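Hello,

Here is the structure you asked about, with notes on a helix pair and some salt bridges below it.

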Amino acid sequence: MTAPTVGATHPVVGIVSPGAMGSALGARLRDGGSRVLVALDGRSERSRRLAAEFTLDDAGSLSALLREATVVLSVVPPGSALEVASAIAANAGTARPLVADLNAVAPATAARVAATLRGAGLDLVDGSISGPPPREAGTTRVYLSGPRAADVAALPMEGVERVVVGREIGDASAVKMCTASVYKGRVALLAQALRTAHAHGVVEHVLNDLAESGLVDPGRTGATLARASTKAWRYVPEMEEIAATQADAGLTPELFRALATVYADLADRAVADAPEDVGDDTPLASVLGRLAVRDGREADART
């Protein structure tokens, strides 16, 4: 079976899976004229709510989605990228959609994803996402690479910038590994610094010093750390992917292995279930109270 032409006026795009990022990307594609499919069989209530919020069509099963889609976008936690690629390969049958892996993985992992899909006769576009879920235009950029990157760049993702990095699988993932090392590495360092300051009772002084340097916005720092804690479980494998990428470049992997440990600890103490549950005005003191540890035990909140 031959998939419909990617450059068709109204391409059918499948999203695996419809979390916060996947659903928001689906909405931008829908606004651009695409029919957008998700596979909600076995998905969480949150995924179902997000898909409904963005008016995405439920194909039911993954195999049904693959039969109808022109392009499939894999947008999943980095630790699930290979598992999802294997599931797509196993359920494709005679369907031949173009698959774009937009996950935060190492170039070497992207190459393994490509090999997995190639075994089922499927082409891969390597991709990565920089920025938040694109609920607003101009906030999010998608990097793409591989021989068919231009096909995905041509999709009508309204308000989302698309950048073709090159023709090699792994190039777009390399961009993500480098930028995420700064963006998420900085948040991990901030969390570690402020949790330490909280333990020593000097948060006000530390926060003022960082604010004067332009490194933090004191009014939003509580929300920043709280939201990071809700996503920390998926940042752990991302830190490991960054460590592997840096090791492949001849650099020590130990820095980001350590940050994986930082995020694992934050995940164990998550302040809320999901980032959308955290208000912009969340007080830093209450967040640090939830995240605090002293002498190996939960500490009482200190301001």
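A residue counts as partly exposed when its relative accessible area falls between the buried limit, under 20%, and the exposed limit, over 50%. D280 is therefore partly exposed, with a relative accessible area of 42%. Please keep in mind that this is a predicted model.

D280 forms a salt bridge with R227, and the closest N and O atoms are 2.6 Å apart. D280 sits in the loop between α10 (254-268) and α11 (284-291), while R227 belongs to helix α9 (residues 218-248), so the bridge ties together parts 53 residues apart in sequence. R227 is also partly exposed, at 22%.

The whole structure has 15 salt bridges. One of them pairs R257 with E254, at 2.7 Å from N to O. These two are three residues apart in helix α10, which means a separation of about one helical turn. R257 is partly exposed at 44%, and E254 is partly exposed at 45%.

Salt bridges with shared partners also join R28, R30 and D31 into one network. Within it, D31 and R28 have their closest N and O atoms 2.8 Å apart. Both are in helix α1 (residues 20-31), three residues apart. R28 is buried, with a relative accessible area of 12%, whereas D31 is partly exposed at 42%.

On helix packing, α7 (residues 171-200) and α8 (residues 203-212) pack at an angle of about 145°, with axes 8 Å apart. The contact has seven nonpolar residues, one polar and no charged ones. L190, L194, A197 and H198 come from α7, and they meet V203, V206, L207 and L210 of α8.

Regards

Notes. Residues are numbered from 1 along each chain as its sequence is written. This is a predicted model: local features need pLDDT of at least 70, side-chain atom pairs count only at pLDDT 80 or more; totals for chains, interfaces and linings use all residues. Side-chain values use heavy atoms; hydrogens and water are left out. Axes are lines fitted to C-alpha atoms, for helices over the stretch in contact, and angles run from 0 to 180 degrees between N-to-C directions. Helices (H or I, at least four residues) and strands (E, at least two) are DSSP runs, numbered from the N terminus. Contact means heavy atoms within 4.5 Å. Ala, Val, Leu, Ile, Met, Phe, Trp, Tyr, Cys and Pro count as nonpolar, Asp, Glu, Lys and Arg as charged, and the others, Gly among them, as polar. A salt bridge is a side-chain nitrogen of Lys or Arg within 4 Å of a carboxyl oxygen of Asp or Glu. Buried means under 20% relative accessible area, exposed over 50%, partly exposed in between (1.4 Å probe, protein chains only).
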